[in-house]
Amino acid sequence: MGRRRLRIAGTVQGVGFRPYLHRLAGSLSLTGAVGNDDDGVWCEIQGRAADLDSFETRLVAEAPPLARIDSVRSAAVAAIEGEQGFAIAVSESGSGTVAGTVPPDVAACEACLADVADPAGRRYRYAFTCCTDCGPRFTVVRSLPYDRERTSMAAFELCEACEAEYRDPADRRHHAQAVCCGACGPALSLETMAGGAIDGDPIEAAADLLRAGRIVAIKGVGGYQLACRADDGAAVARLRQRKHREEKPFALLVASVEAARALVDLDDLACRALSGPAAPIVLAPRTESVPIATEVAPDTRLLGVMLPATPLHALLIEAMGLPLVCTSGNRSDEPIVTDDARVQPDLGDIADAVLVHNRRIERRADDSVGHVVHGGFQLLRRARGYAPGTVRLDRGGPPVLAVGAELKSTVCLALGADAHMSVHLGDLEHPAALAAFENAVADLLELTRTAPELVVHDLHPEYLSTKFAASVDLAPRLGVQHHHAHLASCLVDTGFGGPAIGVMFDGMGWGADGTLWGGEILVGDAGGYERVAHLRPVPMPGGSAAVRQPWRMALAHLHETFGPELPDLTCATDHIEDARQVLDQCREGQSMLTTSMGRLFDSVAALCGLVETATYEGQAAVRLEHAAGPVSRRYPVETSGDGPALIETSPLIAAVVEDLQARVGAGRVSGGFHRWVADATLAAARHARDSTGLSSVALSGGVFQNRLLVELVVPDLEQSGFEVLRHRQIPPNDGGISLGQAAVGRAMLAGRR
Ligand code: ZN
Ligand code: ZN
Ligand code: FE
C-alpha cells in the first residue's frame, strides 16, 4: 500500500479535471483527494503500486479534451491509515504567483444541446445549460482559483436538483462551476431599448422581431452582439448605417454545419474548426447564388460563418430558421459593450430591442475569427474560445510584460514557460479600447499576482501602448522593432528553436532607421536580427491620409517610376488637383519613407481603380485579392545592392501601368501582382539562404492574412527546399506582436544574466 502526491500543471482548472481524476481513481479503487490551488491541480492517491503507476499513465493519456497538461510531478508520501473514498477538496487560495490559467470559454456541447432539446428534461429550452465539458469560463471569472464563488455565477444559489448533480461524481455536471437550471440560474428577457419588458417567450418574440427585419441586440458570452436577417438587404443596410460600419464584412450565425455548407465551401479542417469547442467565425468562399444580401460582405467572396456558441444562440437560430447577421455590439470600431448599463447609451440608437439576461459579463471577449488556408487553420482574431489560453514558450524565465502594437492590440505576460495572451483588445486609438487595454494589463498582472521584471513595447513613439509603457512605473523598459517582434512571434508560435529567414509583410511598423518598414526580409531569432532585404522605400504622402486614400500611395509609386510626368491613368487624372501637392511632397522629401508591402497592395488596388477611400483597415488589399484572376504574364522581379538588398518596385509598377493602358483587366493585373509578390519572396528567401545557409522561412505580418498570397508563396518555397513556418495559435497580424515582444524581452534578459 503506497501513497503519492501529484502536482499537475497546465490548463487543468475549469476543464472537468477534478471530476475526471475522481472517476479515474474510482476505476482503479484508489483512495485519496484532489483539489485546485494556485499552481494548478494537486492530487493524492493511495493504493497498490501497480494501480498508482496506472493512474499516472492514464492521467495524461485519457485527460479531458479541454485540458492541456504541461507537467506532472509525483512524490511518495506517508500512507494514511483507514482512508475511505476519494474526495474533491475545497480550493485553497494562497498568496504568491498563480501559475494556473483561466480556461477559455467553451461552446455548448452536444450533450447539453440535447438536454435543451429534450421536452421531458428539466433543462428544456433553458438558455444557460452547461456542464464540465462546456460553458462560460473566462468571461465569468472574477479571480482564481476557478471556483463558482469567484465567478459571476456566485449570485445564483444552486437549487436542490442542481446541487445534487454538482456533488455527484458520476454526473456530467460534477463540479461544473457554472451549472444551473431554469429554477436557480440566470433568466432571459426581451426588452425595448428604453428598458420596457416585451411580452411572450423572449426567444420567440426576438425571432419574430428579427423576421420582421428589425435589429436585436443579444447579450452573448463575452459581450453584446447585434443581429438581423442576413437575407434582408434593407435590414443589413440599416444596421450598417446605424453602426457606422460602411463596408467591413459582417459574420453570420447559422444553425448547423449543414446550414453553413449551404452558404460556403468548407473542407474537413474548416468544419472541425467551425464545430470545435471555441466555435469561431470561419471565413470561407461563398457558394454560388447564396440567399445572403450583398450588403453582408460587399468586398469579398468570403463569408464568415459561426455556429451557436451557447444554448441561447442555438434556440434563437432554431426559432429563426434563417441565417442571421451576428456582429459585435458596438458603434464602429469601439470595444463591444459588456456592461448592461452601457446598452442604452451605446446601442440605443442601433438596435430595436435587446435580448438580455441577469448574469454579469466579467470579461470582454469578441468572437474569434479564423480561416483554413493551405491546409492549416489560421486565426485572424484570437478572442472568445481561445484566449486567455496560454502559448508555450521554449523555457522558463523571469516575468516579462509586453504591451503589443496599436491596431488589433493584445498584451502578453511571459510567466514561467507560459505566455499568457490577452484577448483581442481592438484599436487603441479609440479611448474605450485604450481603457480596455489598460484594464487588460492590470487584470493580467492581478490574476497571476505578478510583478514583471521588464516591460516591452514597440519602437513607434506615437503608439499609445508605447506611451503607456513609458507612463507606468512597472519595471525597466525595452523597445523592440515591430518586424523583429513579428519574426519572434512566428518562431514561438511554431515552436521553432533556431534562427530563421523572416518574411515580414505588413501595413507598417516603425523601423530601426526611423522610416516606416513593412516589406522586410529579416534573418534572426528572438535574440537579434539582421535586415537582409526590403522593398525600395517610397514616400508616403500625407502620412496616415495615405492609408485612408490609397491613390496617394499610387501617385507616390508612379512618381518613383515615371518622375513628374504621370501616365494617363484614371487614378492619376481623377486626382490631378491634389496630385501636384502629393508630387511636391514626394520630390521635396517632406513625406515619411516607407518600405511597406501593405501600401504596395494599396497602390496597385488604386491603380486598378478598385478603391477610392478605404473605410476599414486593409480594404484595398481585400478588394485586390478578390479581384484576382488568371495570370497572363509575370511582372519583373529585380533586386539591387547588397546588405540589405533592395527589391525594386518600379519595374513592377511600369509593367502594371503598361497592362492597364493596354486595357488588361484588373483581374489579370491583380493576379499578376500576387504572382509578383510570391516571386519576389522566393528570390529574397534564396538570397538570404545563400548568404546565411538557413533554409527555414517564417511568414508573418498582416499581409499573410491574404489567402491567395499564402497559396502561392508556401508551395513555391517548399518546392525550392525551404521549410515554411506559419502561425498556428496566434494571428499573423499585429494581434501577435505582444507574444514576439515578450520572447525578445526574455532573450534580452537571458543574454544579460
Ligand atoms: Zn455541456
Ligand atoms: Zn437548478
Ligand atoms: Fe505589423
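Which residues are the protein donors of the iron ion (ligand 3)? Select ligand 3 in this predicted model and find His482 (NE2), His486 (NE2), Asp506 (OD) and Asp734 (OD), lying 2.0 to 2.3 Å from the iron ion. Donors here are N, O and S atoms within 2.8 Å of the metal (3.2 Å for Na, K and Ca); water is not among the atoms, so sites may look incomplete.

Residues are numbered from 1 along each chain as its sequence is written, and ligands from 1 in the order in which they are written. Local features need pLDDT of at least 70, and side-chain atom pairs count only at pLDDT 80 or more.

Stay on the iron ion (ligand 3). The angles among its four donor atoms run from 88 to 171°, and the site is irregular. Four donors are tetrahedral if all angles lie between 85 and 135 degrees; four are square planar and six octahedral if opposite donors are over 155 degrees apart and all others between 65 and 115; anything else is irregular.

Next, colour helix H13 (residues 482–494), which holds His482, and strand E22 (residues 500–510), which holds Asp506. His482 is buried, at 0% relative accessible area (buried means under 20%, exposed over 50%, partly exposed in between; 1.4 Å probe, protein chains only). Asp506 is buried too, at 2%.

Now select the zinc ion (ligand 2). Its protein donors are Cys159 (SG), Cys162 (SG), Cys181 (SG) and Cys184 (SG), 2.3 Å from it. The donor atoms subtend angles of 103 to 117°, so the arrangement is tetrahedral. The donor spacing in sequence is C-x2-C-x18-C-x2-C.

Conventions: Heavy atoms only, no water. Helix = DSSP H or I, 4+ residues; strand = E, 2+ residues; numbered from the N terminus.
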